[in-house]
Amino acid sequence: MDLTKFPKVTIILRGYEYNQVRTVMEALVGQEEHYALEITLNSPDVFETIRKTAEEYGDRFLIGAGTVLNLEDARKAVDAGAAFILSPVVLSEEVISFCKNKGVLTVPAAMTPSEVHSLKEAGADIIKIFPATSVDISHFNALMGPLGVTPFMAVGGVNQDNANTFLENGAQFVGIGSGIFEKEDIQACNVNNLKKSLAAFHEKLSS
């Protein structure tokens, strides 16, 4: 995939049921170029949720699987229809190679120069710096000094107040969990409140 077409913001949904995920998707309709969706594997009936969401919205949105830790996780996520996978750890070359053969984007996590280098050598598409707020904002550009331009995604502690800062300081992408929506609105499937929260975030991101 051309990474210029990968949305700058990936919304992370962790622990939600299908109807709650579907409500978030309804709130996102019309914002296809701005947002991708990550459904983490530690969610209820997650592979069924990914399958249903990908079937209904996969032609308009990139639907991915998060918290992928190993090859078995990756196989199940890809079989369910995930267009990309994310991980909180350094994924093995075996997992990255499997996804590449399936045309699925990989976003494994790293923190140190050695981890970033090994993932670049393995062919990772985007490298997630996680948890992003545990390091100084200069960390992204500092890594690219010796390692070259790298498509980084900042994840962990990203919210509407600091997302722009990451994007202006070396991160090409951000992943946001609780930094956009109120958990209660997702749980209650309150699409109107979700749309209001999304509009407020988008306005701040664009400013």
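Biologist: Which residues does S197 touch, not counting residues up to four places away in sequence?

Modeller: S197 touches I180 and F181, contact being heavy atoms within 4.5 Å. S197 itself lies in helix α9, where a helix is a DSSP run of H or I with at least four residues, a strand is a run of E with at least two, and both are numbered from the N terminus. This is a predicted model, in which local features need pLDDT of at least 70 and side-chain atom pairs count only at pLDDT 80 or more, while totals for chains, interfaces and linings use all residues. Residues are numbered from 1 along each chain as its sequence is written, and side-chain values use heavy atoms, with hydrogens and water left out.

Biologist: Why is S197 called buried?

Modeller: The relative accessible area of S197 is 17%. Buried means under 20%, exposed means over 50%, and partly exposed is in between, with a 1.4 Å probe and protein chains only. At 17%, S197 is therefore buried.

Biologist: What makes K100 and D125 a salt bridge?

Modeller: The term asks for a side-chain nitrogen of Lys or Arg within 4 Å of a carboxyl oxygen of Asp or Glu. In K100 and D125 the closest N and O atoms are 3.9 Å apart, so the pair meets the definition. The two are 25 residues apart: K100 sits in helix α4 (residues 93-102), and D125 in the loop between α5 (113-122) and β7 (127-129). K100, at 46% relative accessibility, is partly exposed, and D125 is also partly exposed, at 21%.

Biologist: How do you know that D161 and K204 meet in a salt bridge?

Modeller: Their N to O distance is 2.6 Å, so the pair is within the cut-off for a salt bridge. D161 belongs to the loop between β8 (152-155) and α7 (163-167) and K204 to helix α9 (residues 191-206), so the bridge ties together parts 43 residues apart in sequence. D161 is called exposed because its relative accessible area is 55%, whereas K204, at 36%, is partly exposed.

Biologist: What is the state of R60 and D59?

Modeller: The side chains of R60 and D59 also meet in a salt bridge, 3.9 Å from N to O. R60 counts as partly exposed at 36% relative accessibility, and D59 as exposed at 68%.

Biologist: How many salt bridges are found in the whole structure?

Modeller: The search finds seven.

Biologist: Why can the buried residues of α6 be said to line one face of the helix?

Modeller: Helix α6 (residues 139-147) has as its buried residues H139, F140, L143 and M144. Down the helix axis they fall within an arc of 135 degrees, so they line one face; the arc is that of the directions from the helix axis to the C-beta atoms. An α-helix has 3.6 residues a turn, so residues three or four places apart point the same way. On the face of α6 turned away from the buried side are the exposed residues G145 and P146. Cover for the buried residues includes α5, β7, β8 and α7. Just after α6, G148 has a positive phi of about 85 degrees.

Biologist: Which residues other than glycine take a positive phi?

Modeller: Among them are D45, with phi near 45 degrees, and C189, at about 55 degrees. D45 is placed in the loop between β2 (35-40) and α2 (46-57), and its 65% relative accessibility makes it exposed. C189 is in the loop between α8 and α9 and is partly exposed, at 26%.

Biologist: What makes the peptide bond from F130 to P131 worth a look?

Modeller: That bond is cis, with omega near -10 degrees. P131 is found in the loop between β7 and α6.

Biologist: What makes a set of grid points a pocket?

Modeller: On a 1 Å grid over the protein atoms alone, a 1.4 Å probe must fit, and the set must be open, with protein on both sides within 12 Å along at least five of seven lines; lining residues have an atom within 4 Å of a point. The largest pocket holds about 400 Å³ of space, a volume being the space filled by probe spheres set on the points, which are joined across faces, edges and corners. It is lined by 24 residues, and the closest to its centre are I12, R14, I176, G177 and S178. Two or more lining residues come from each of β1 (9-13), β9 (173-176) and α8 (183-187). The largest share, three residues, is that of α8.
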